[in-house]
Each structure stands twice: as structure tokens, then as C-alpha cells.
Amino acid sequence: MAASDNLLVLAPWTAGYYFGEIISGITREAAATGHHVIVAQTLDAGQQTDPQVDAPDFSTRVAWDHVDGAIAVAAATQGAYLDELRRAGKAVVLASNDIVGFDAPVAMPDNDGGARAAVHHLLEHGHRRIGFVGNLTQPDMRERFSAYHDALVEAGLGPRPEDYFPSSNHVEDGGEESATAFLRQSERPTAVVVATDLNALGFMRTVIAAGLNVPRDVAVIGYDDIEAGAFSTPPLASVNQRFDTIGALAARLLLAQIRGEAPSADTHAPPSHVVPRASCGCRSLDDRAPGPAGSMGDDDAREVLRGRLESAMVTAANGACIRQSVATAVAAIFEVTEHLLHTAHEHTPERLVEALTPLAALVTRPEVLQVVDTAVNLYLQTVADHLPDEARTARAALAQVGAQASSVLWHMQTVSYLDRVDGLEAALIEEHEIGRALLRHGTADPRRLGWLAGSHVRTAVLALWRGDELVIEGVRDADGILGDLTGTVTTPEAFPPLTVVRSTDPSAREVVFVIAVRANNRDWGMLAVVDTINATSGREPFSHWAALLCAAFEQEALAATLRTSEERYGLLARAMNEGLWEWDGASGRFTLSERCVALLGIDPAVADPGEAWTARVHPDDTENIRAQFGRVARGELSLVEVEHRYRRAPDAEYRWMLARAMPVHHDGRAAPMLLGSITDIDDRKQLEETLRHNALYDAATGLPNRRMFLAELTRSVERWVVERTPFAVVFLDLDRFKVVNDSLGHQAGDLLLQEVAERLLGALRAHDTAARFGGDEFAVLLDDIGPDDVPTVVQRIQDALARPVEVDGHALWVTASMGVASSAIDYTSAEDVLRDADTAMYHAKSQEPGTLSFFDTAMHDDAVRHVHLQAAVQAALDLGQFVVHYQPIVDLVAGRVDRFEALVRWQHPERGLIGPDEFLPLMQETALIVRLGRWIIGEVCRQIAAWSAVHDGVVNVSVNVSDREFWHLGLVHHVLACLAANDLSADNLTLEITEGVIMRRPEIARHIMDEMHAAGLRLHIDDFGAGHSSLQTLHHYPVEALKIDRAFISGVTEGVQSLELVRAIIAMADALGLEVIAEGIETIDQLAVLRALGCGSGQGFLFDRAVTGDRAAVLLGGSFATDLDLTPDNLVVNSLWAPTSTSAGERQR
């Protein structure tokens, strides 16, 4: 790996909505150009992310030997460091900060445009006196203030000096200080622009506590659009700026420098915009729609919907093609609406899922789905209001579509939140366990990184200073890819090792984080960790770990000093606030410090303090504490820590204590002296118990959560495997629970969940387990129960839930859709049981909410069959079982055949020839379709070469290009290589591409198609009419022919609509100079109509099915007519079977 393959990012912190997003944008651009990213935290370990506004004095040359350029994010470091970096030959770019005296390209937020937009928004609300809150230490904040000032001047409103309310920092307590100053004024602004959302949240909390109403008394707009603002009370209006675009811009500027280009040392900024919410006076993002609901036509309503969705998604999507995804969703929603209005048939919820899932996939912040829901329902309401008064049925149907859309989006949002909660829960538990492992270092050396063994981190390296040398002391290498690094001498410039950098996958947002193990002016070394970027939480776990390492090393140093210095012994006692004791093995004398006496509650004058201590230890712990101290005294251990229960008085409660002991050997004395400490850890133990409980139980209902339920289910599965003890799992989903939350509030929803939990427990046996998985999902484990008894218990559950629930004076009727999976299927995995119970529940819900479905053998067989088919298709590809057949494309005027369409078949060794419907959908879900497509192109070129050897004319074969294959890199190169390998020219091959592929990314598709056309390849649009494009649109692409979808051809003799549509397509294509090929011609009548309409070419079972290469060779150059008149009497159909005998399945390719 060359140095130019790596980029360095310098940042004060490395996670959260701001730094995490900027680093994500940098990494995305780096991945696109094959670069890896090293992120160096410039603040010392453990420093809090709050009032720090000045750049730290960072001087470590992290990874300088490995990189060709660096990006300094915000106040990451001072100009002197960057000057030195540049003198070392490295390119430098600044992101979100402008350093005075340092000339470099800068990627900045749109502070000017965002602040102006905030002022203009408040002016639109009628405010004429607008204040500003913020800390102006950083350039970003000064730019925002200047733009606010200029916007007021331009509006003819002179800014007042007293309307600026300074804050001491950028976080909430700074906003609280500004609010206090604001409240002291007798005449105050009616609105404020706040420099950061955290300042704004503190400001709002304080003015509301003082009795003011936001926005009636003072409207507030923040800046940064953080997640907490969307859920504040009231929701905080904010200026949104895509921090990831700032990072991406900085990366592009840096890469341009590295390539030798010279981007200007100016400020470059992506645009910002206001996200209206209640704090500014807007009820929601969508209240600002132009005009009354009924004043817009269909096109206007769709345009408003598109604008609303794009406005929402710009705050949520991360590096995706927002406009195209929104356009696709809008088109799909319009299709659902139009279908309903014209046919009065509702679409199924699955169609809405298809329309909304692509948008949901782009969302990184679940709350954005609320805005999407509002936008969709407002669109449907607009359509409904535009209908005539008598269209009551259509209005009701549109309302039902809106309800279905809300249900789909709510489910997506719930899943997203549950995933986030599960992730945070696991992270907290992991952080707690690592903290315990690091601070209880008597049993393992923290330098060896053994404390990472149970974490999600798979790659990490710790280098520590030994005098003037930096030595790698610890390696975490779960994948065995780093080699033997322990003991290697390195330098800051060469750290982290290149093998660590190589192990990252930037396309998966993986980088190397480097944190200085430095605190209290003591530099211990550096920690490097490979992980994905955290852009959703402000937690800085690696910085916390480094701080814990510092604490562990400092404690080691103090303990070592304790052995030789009484003065430091006293300092340690004062510093740690622990009771200290010492035992002299020669005299048996036990000495306690004053703090130790106070902690133990022992009379200092007692004859044997040690015996008095152990006498009050819990009987179950006495033997262990004596045994462990004995091992230290015998020299078996150098340090021991013993947790035990202790009570200060006979009538007192036991409290948890931690006793430490270490030996101090003196020259000439066989018996050691023990030094130790005693600490009251009862609060910590209670916290650990609370964390353990929270990790296993649901806070709202007190039921076990998913983690604990899985553990119980795992034990039941193991008992089934070993002892054949039967079990069953019932998966429940409350029906219409969202209606309760939306109508009565979340508090009522929680009360309903608690009542459901109590009823579940009342309906179960003592040894059964009920759990809540989150949202409205529950699960029940029925242990040691036969299949015949399961319906009885399920009926008890249904009966218990059927009774009305009284909540806040409302009688609520609860039903639940249930799915059951039992040991009747021979499970070996708890996750498989849950999966099948969940599948059965959704089957019940889809049939009729409130019903029950058992996961049966048929469902299981379907799942297994899918898995087996996937394996069989992979094997078929490996074993060369696929074959290409060729369907003739006929000149409808002359009847001549000189070209074919290549269609793939599976020559199964047992089942014979299998059509594509059975295996292509599965292959299109994976990368196998790309591999199959590449093979087909090679096989077709080989066959064309064989035909050309015996045929004089030019032979052309059309090959279908799948969606995945079209977008896969190297397609054109592969096609040309196959043609060259078989001594063929580009006019021997035609590539068929569907409308849907092109319309997914029109601009990029045109670039790819231009490249194909320039190479001489023919391009046809397949299945024309089945997508959402138009001839006018496709005219801009280098295509030569349209293939009319078989669905239209089948109707040309059956109705006027299809006939006129085909006539229009042929006429317009002819006007644009495009050939038309009709697909699926099956009758002579269809052929006659097409010839009369002027269609030049066609294919279908009327002529022949797709045949082998040998059979195609016979047809090549021949004719399907006895003369040039293709009349019913003269047509010769050389099909291998009669068209009338074909099934619907055989007509598919």
C-alpha cells in the first residue's frame, strides 16, 4: 500500500451527529477512490465534549509516514502543527473551521445562507425584533452572527446590541446562561436565532421554566438539526446542514491537491436550509404548502409531495441518490392512488411497502419517517379534496390508503428505533464490562488488550512509551491478519502499523481510530482501534477506554511507589479516599488508617482489628477472603482484590466492600508485610445490578426482554435436543396499538402494555415465560408442553386479552395476532424458533388481524426449499449446467431470420430443462446474476463465431442485461473482450436494457449507454411500456430499437386500448427513427395487425420458441414464409410445438 492510499483526519472528537457525519462523508469519498482513512483524536483521553472551543495543543505526528494528506476538522489543532505537516510534503484541507494565518482550502458549512434563511423564516412569521444567542469564539459562529446581522439590515430592521445574548460555550448550560440574561430584559425580542441546537435546547428549557410560551412569547430557531431537537418540547426548528457533505467536500479538495491540482484556498460550502417545527411557530414541516388543499391539480399535488419528501430526506439520507429515490416513491404512490380512483380496488399493503421501503432505506434518523408519513397523507388529502362531492367512496378509500401508509412507516420507524435501542443497550453493557476489566487489573495486564476479548472490536493495537521508544505492547487480532506485532518498536509517524490500516473496509465505513493514551500531562502512548464510524450517538468509547487505561497505569504507578515511600503511601490514601491497612507477618500486628476504621466501624482500641473485621464479614464470604489473603502472604499472588459483604453493626444491613492486598517483602525477613485497602462499593454493586436488570428486563412492563427470552429459549431448545422435552413459542403482535398511542398518548399506551403484560402472566403456568420485545410485540415460551396442550394455553391468552382494558376512563378492546412455533419441528437454534413464530404471526395478521397461525411443515418446507434452491443454483453455475437457447427475431415484411434473442435455461441433471422463472428471481437478489450474465455474453459470442464460420451474412444476437449487471463495473470492457476473443465486431451483439434500469439513475445510465454506443454496440429498450419512461425521455439515450412488451401485443386483437397504444408507440418510434420489435406474437391475427400498423420485426411462439444453438443454425438466414406475403395461408410455422398447446408458464422467458 502506497502512502497515497491513506488519508489522515484530525478531529477533537470522533463520534456523534457532527464529527461522525463529517468523518462519514470523508470516508465515503475516500472509499470511492480506493483510499483508507486514519482518524486521530486530538483531545486527550476522556476529555468531555462540552465547553471546549479553542484548538488543543496537539503535536503528535500520528501516521505521517502513511499518508499524503490530512483534513483538520473544526478546532482540531493549531496552525503551527498544520504548517509543519505541510512542510513535510502533505496536502492539508480544513473542514468547518478557518485558521487565521493558515492558507488552505476550506470546506465550511453554509453558515451565511443558513442564518439568513432562519431570519427570513422568522420575518415571514411576522417578527420584527429578532435576537441572537451564541458563543462567537469559533469562525462558524461568527459567520452565523454576521449573516443574522446583515439579514436584518437588508430587511430594514436595525439590529440592537442588547439583542445579542452571549453564551460561554456551545452546549446546553451556555444556552441556559443566555436565557437568564434574556429574561432580565424588560423589553425582549419576540424571536431568537441560536448558534447551536444545544444552546437552543438550554435556552428553551430555561424560558419555559420561567413561564414563557415558545413560540407565542418567543420563537426559537436553532442550528445543526440534531436528533434531540426533533423530540424536544416543543420540537425545535433548526437550520439543517448535511455535515457529511462538508466532509465529502473536504475529501474531494484534499484528493485534488494530492493529484497535483490546485483548488483555491477559498471557502467552499454546500447549501443549508431551515427545518420548520413548532418552536418557530410552524405546526410541522408540511404546514407551509402553497395554496389551499383543493386548489391544486394532480401534477401540482405530486410536485408538492416531491418537494416535501426531498426536504425531509435531505436531513436523513447519507450519500444516496435522493432525488431519484423520491421520484420513484412519488411515482409509485401516484400509481397506487390512480389505480384506486380508476378501478375502485385497493392496493395491498405490500404495494405501499414497495413504494416506501426505498425511502426508508435512506433514512439514518428514524424520526424523519414521521415527516414522510405527514407528506404522504397530506398528498392523499389533497387528492381527496380535489374529487367531486359525490366521490365519498373514493375519499374513504384514499383515507384507508393513508392509514396503511402510516402503518407501514410506523412499523419501519419502530424497527429502526428498536435496532438503535438494542445497539445502545449492547454498547452500554460492553462499556461497563470493559470498565470493570480495566479497573480490576490485578488478574490481567491491561497492556495485553485482553479486556477487548468480549467486545465487538476485532482489531486493535496499543503502543506505549518505554523511555524514548514507542513499543507495541498489546494486539487484538481476532481475525489473525496482523502478524506478530507485539514488541515491535515503532514511531508516532509509523503508527498505526500499515497492516492495521489495510484491514479496514472504507466502503463499510470502517476506519482506524487513533487516541492518545494521555491524561494529566502524562503521555503513556497511543491506542489504535478499527471500527465503523458512529454518527448517531455522542458516546466516545475509545476515548473512554484510553482514559481508563490511563487510570489503570496511574494506579499501577501509585501502587509501585507505595511499596517504597511512606509519603506517597499517604498521598495514595488521600487521592483514592480508601481505607488503608497493613499487616505485619512477623508480629501479627494489624494497623488500620482512620478512614479504614470509619469504613469498618471498628473500635480503634480493639485488641485484634483483623479478627474484628473478619468477624463481621458475611459467613458465605469469610472463607474466600481468608484464602485469598493467605495466597498473597505465601507469595502466590502479587495482588488480590476480594469483593465481600460486610456490616458495621449486628443490626445493620450488609454492604458490599472491596478489599485489596499486596505483599511487601523486606530484605532478611521471611514473613511478608501485607499492604491493602478497603473500599465501600455498595453503590457500584447496586448500579451493576440495575444495569444487569435493565439489560434483561423491559422497563415499561417489567417483563423479560428479547435478550433474556432468547437465553431461556436457548435452554429449552437444548433440553429438547438432549432430553426431548417439548416446548412452544407464541409470538404476539397487538393489533392497532398505534391508534391508542396516537389518540390517547404514549402514557395511555404504556398503561395498556402493562395491563397486557399482567394478563399474559395470569394466563400462563408458573414455569412459562412472557417477554416484551419492544413496541407492541410480545413473546411467550411454553416449556415442557405437548403439542395437544398448546391450543389450550393459547386460548387462555386470547380469552385474557379479549376483556376490555380500562385506561384513563376509556374502555379499550385489545386483540393480538399470534404465531406459534413448537418443537414439533426439530429446532436446534433459538433464533430459528423465533423467526418461524414471527413468520406465523405475520401470516395470521395478513389473513385476519387477531387470529392465530401455527408454523407448519409447509411453511418450513418452503423456507428450506428456498435455501436448497439457492445452493443448487450456485452449484449449477459452478458445474456449468446453464445453457443458452435462441429465439428468432423475424423480419415481419420478408419473413427472414438473421438475428436472435439469447435466453438462459438450466439443464438440471435430474429435472431436465428448467425455465428462468424458477431461478432468475433468486439470482437477481445476489451477485450470482452478474456472474451468470458474464457467462452468457461469453457463450453467445462463442456461438455467433461458430455460426459465422458457416453463414455468410452478419449474425446478431440480443442479450438481456440485468439491473445488477448494468451497474456493475467493467461490463463494457467484458463485452468487448468477449467479442475480441471470438474475432467478432460490435455489430454482432445487441444489449437489451429495461426501462426500469435506466430510470433508476437516468444521468449515470446515459453515461454508461454512451460508452456502450461509442464502442459500436447496439442498444435496445426491452419490455417498453411496462415502466414509467416515455419515448421523449428515451429519445435522449443512444438506443436503436424498442421492444414492445408482450402484455400489449396480446391485447391488440382483443380491445381498442391496446391496439391504439401499440399504434401510437410505432408511430412515435418511427418519427424518432427507432426500430420497433414486437414481443410475444402468438397468433396469426396478431401478426396481421402488427404488419398493418407498420411494425417491422417481431418474435414469439407463432414463429418458434427459444431453441438450441444447433436448431438456431438451421433457422439462420431462412424464412418463415413461402413468399414475401405473410398471410395465414402462406405462413410456415416451424415451431417445435404448436402455439395453442403452450402453457402460460412456457410463454415466459
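User: Is R634 buried or exposed?
Analyst: R634 counts as exposed because its relative accessibility is 56%. Exposed means over 50% relative accessible area, buried under 20%, and partly exposed in between, with a 1.4 Å probe and protein chains only. This is a predicted model, where local features need pLDDT of at least 70, side-chain atom pairs count only at pLDDT 80 or more, and totals for chains, interfaces and linings use all residues. Residues are numbered from 1 along each chain as its sequence is written, and side-chain values use heavy atoms, with hydrogens and water left out.

User: What does the side chain of R634 meet in a salt bridge?
Analyst: The side chain of E636, at 3.0 Å from N to O. A salt bridge here is a side-chain nitrogen of Lys or Arg within 4 Å of a carboxyl oxygen of Asp or Glu. E636 also forms a salt bridge with R631, where the closest N and O atoms are 3.2 Å apart.

User: And how accessible are R631 and E636?
Analyst: R631 is at 31% relative accessibility, so it counts as partly exposed. E636 has a relative accessible area of 44%, so it is partly exposed.

User: How many salt bridges does the count come to?
Analyst: By this rule, 53. One of them is between the side chains of R655 and D680, at 2.9 Å from N to O. That pair links distant parts of the chain, 25 residues apart: R655 lies in strand β21 (residues 655-664) and D680 in strand β22 (residues 673-680). Strands (E, at least two residues) and helices (H or I, at least four) are DSSP runs, numbered from the N terminus. R655 is partly exposed at 27% relative accessible area, and D680 is partly exposed at 26%.

User: Which residues do salt bridges with shared partners join into one network?
Analyst: D112, R116, D150 and E154.

User: New topic. Where is D110 found?
Analyst: D110 sits in the loop between β5 (106-107) and α3 (111-124). D110 counts as buried because its relative accessibility is 17%. The side chain of D110 reaches the backbone nitrogen of G113 at 3.0 Å.

User: What about S958, buried or exposed?
Analyst: S958 is buried, with a relative accessible area of 1%. S958 belongs to strand β33 (residues 956-960). A polar contact of 3.5 Å joins its side chain to that of E992. A polar contact is a pair of N or O atoms within 3.5 Å; within protein, one must be able to donate a hydrogen and the other to accept it, and residues adjacent in sequence count only if both atoms are side-chain atoms.

User: Now the helices. Which residues are buried in α23?
Analyst: Among them are A748, G749, L752 and L753. Helix α23 (residues 746-763) has 18 residues and reaches 26 Å from its first C-alpha to its last, close to the 26 Å expected at 1.5 Å a residue. That expected span is 1.5 Å times one less than the number of residues.
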